Amino acid sequence: MLTLDQVYCGYDSEDVIRNVSFRVKEGDILCLLGPNGCGKTTLLKAIAGLLPYKGHLRWLGQEIHTLKRNQLAAGIALMSQISETYFEYSVYDTVMLGRYLHGKKGFLPSISDEDRVMVRKALEEVELWREREHPITQLSGGQLQRVFLARTFVQEPKLILLDEPTNHLDLKYQLELMERLSVWSKQPGRAVIGVFHDLNLAMQFAEKVIILDQGQVVLQGPTGQVLQDSMISKVFDVDVLNYMQSSLKKWLPPLEGNDSR
Amino acid sequence: MKNSSKLGGMITLSLLCFLAAACIGSVAIPAKEALAVIAQRLFGISLLRDVEPLTQTIVWDLRLARASLAFLVGASLAVSGTVMQSVLRNPLASSYTLGVSSGASLGAALIIISGFSLPIVGAFTLPLAGLLTGLLTVYLAVAMASRVDKGFSGNTIVLTGMVFTLFVNALLTLVAYFFPNRTRHILLWQMGSFALKDWGTVRVLLPIAIVGLLFLMRYARELDMLTFGEEQAAVMGVETRRVKWILMFLAAALTGSAVSFAGVIGFIDLISPHVVRRWVGAAHRWVLPLSALFGGSFMVLADIVARTVISPTELPVGAITALLGGPFFLYVYFQKRRRY
């Protein structure tokens, strides 16, 4: 579906992403990992067609920069980190915006019954149907995240790009979101690329992992192979085993016979 | 209450404002007679037999022509303000921020001091010059902003617009300084007035306002998406750069036309979208038509006050919009806020 071949991109002629190559196939849930500032969000933006790039970045065989915005949006949706909004859109109207490309064609915009059905289904899935008339300016961060997720689903893309989607979500919704994405991506012609900070979630749901460091791919492959203690320690500059052991010691009761008192 | 009912309510209120404009003035005219004149002129129906010709002239040719122009100007300014606030994601933005009014004022001032008149358009030379220089100022501001900032962000456009406004205002001050005998004329034009306007002016502005509003309604969803930021709009399929240019041109053309016929009238474009958003939410398919109706009605009421409060002398309507609009805006804004 998506091919990156020696891709370079960034801002103001300075490359943040350097020589990145990988492929995404149908059904993939791919996780981008790496320390802050390593270029994960920049890479997602390039895939979404928001940044110019060098090299080859192809969606269904066509270079992304040659596609029009509506062609790209019909295939790829980006759910970015929560953006500030000054205007009091209702939850329903916000999700309905995701139907932009599917709306009835005419001089004035109109909403079809299919649009209404899709929006209702998406809002029920994220458990916000009852709050549909609430202004989004009054929602919590987690609720807003779920609104944007519903909007992403009603766009009916083939590839969903997620930039730290579990931020602001409590544990229940984090797990539900990942389950939903898992089910969604298993339908024909679909895939997910996500930037996650939570390594546990990444290990549980992603089948492939790409680790970026300073804009370059340092490792990619199946999740189990890539997410080894030594690699995490190297990239994130933390001693994972030591950290985990000290956390466990703090909270778990001492084993019988090992008490030194 | 559903938004469609609110729209119906606002249309009724607008019609009542027109009726008030027809009845209130130095000569009070009963509503029955005013309605009879309107029915006669619009539909050829004779409701009353003995309406004097003078009453007919006052209601139709003087008051309703003036009220119609006030309504169109108010509606154009309000819609234009709505669009600018959404496109630039700045609740304080308006076409004025981008230099429409200062550009139009400079163009008008140059026509006033030179006494220049185009052969075919004649009396419309002044508004035409105002419109074109207003549009030119916005074009230069936006073109400059897009060169400086390839991302074409709202803040850059607002900042560049403000710099252009200050620059053009400085030129205007110089013009006024070097031609002191024309200063009063320029100042009066800038204050805004609907005095001595007839149906001819309405006929010129009406198609511009209708076409502008219809095209903006076509872009209602794009406007919604742009309020969430350009990146979000782009990933949902909006050609943001092209759409922003179109929307800003339409908004500037609406303000430019309104300003060029009535002079500079502030505040309507700022308050109307805020008041309407508080009432019906932010979706532009409702905000645009309701802003037009609210802005138009508000302007008609402001003009009634301007021409009656110290009759027979008229006050500048721009001062009235700010005097009435300021406290009203604060009331609406904080009244709603207290509920949350």
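User: How are residues and chains labelled, and what pLDDT do local features need?
Analyst: Residues are numbered from 1 along each chain as its sequence is written, while chains are lettered from A and ligands numbered from 1 in the order in which they are written. In this predicted model side-chain atom pairs count only at pLDDT 80 or more, totals for chains, interfaces and linings use all residues, and local features need pLDDT of at least 70.

User: How many helices and strands does chain A have, and what share of its residues is buried?
Analyst: Helices (H or I, at least four residues) and strands (E, at least two) are DSSP runs, numbered from the N terminus. On that basis chain A has 10 helices and 10 strands. A residue is buried if 20 or more other C-beta atoms lie within 10 Å of its own, exposed if 12 or fewer, and partly exposed in between, with C-beta atoms placed from the backbone. Of the 261 residues of chain A, the buried share is 38%.

User: Which residue in the turn between S1(A) and S2(A) has a positive phi?
Analyst: Strand S1 (residues 2-11) and strand S2 (residues 14-24) of chain A pair in the antiparallel sense over seven bridges. Across this pairing A:Val7 stands opposite A:Val20, and A:Leu4 has A:Phe22 as its bridge partner. The two strands form a hairpin with two residues between them, and the turn residue with a phi of about 50 degrees is A:Asp12.

User: By how many degrees are neighbouring strands of the six-strand sheet turned against each other on average?
Analyst: This open sheet of chain A runs in the order S6-S7-S8-S3-S9-S10 with mixed pairing. Its edge strands, S6 (76-79) and S10 (216-222), each pair on one side only. Axes are lines fitted to C-alpha atoms, for helices over the stretch in contact, and angles run from 0 to 180 degrees between N-to-C directions. With direction ignored, the average for neighbouring strands is 15 degrees.

User: Which residue of S8(A) stands opposite A:Leu32?
Analyst: Strand S3 (residues 29-33) and strand S8 (residues 191-195) of chain A pair in the parallel sense over four bridges. The residue of S8(A) opposite A:Leu32 is A:Val195.

User: Is A:Leu201 buried or partly exposed?
Analyst: A:Leu201 lies in helix H7 (residues 199-205) of chain A. Two residues are in contact if their C-beta atoms, placed from the backbone, lie within 7 Å; leaving out residues up to four places away in sequence, A:Leu201 touches A:Thr166, A:Gln174, A:Met178 and A:Phe196. Because 18 other C-beta atoms lie within 10 Å, A:Leu201 is partly exposed.

User: Where in chain A does A:Glu127 lie?
Analyst: A:Glu127 has a positive phi of about 60 degrees although it is not a glycine. With 14 C-beta neighbours inside 10 Å, A:Glu127 is partly exposed. Its place is the loop between helix H4 (113-125) and helix H5 (141-154).

User: Which helices do the buried residues of H6(B) pack against?
Analyst: Helix H6 of chain B (residues 154-178) has 25 residues and reaches 36 Å from its first C-alpha to its last, close to the 36 Å expected at 1.5 Å a residue. That expected span is 1.5 Å times one less than the number of residues. Buried residues of H6(B) include B:Ile157, B:Phe164 and B:Leu172. They pack against two helices of chain B, H4 (100-114) and H5 (125-148).

Key: Pairing = 2+ DSSP bridges.
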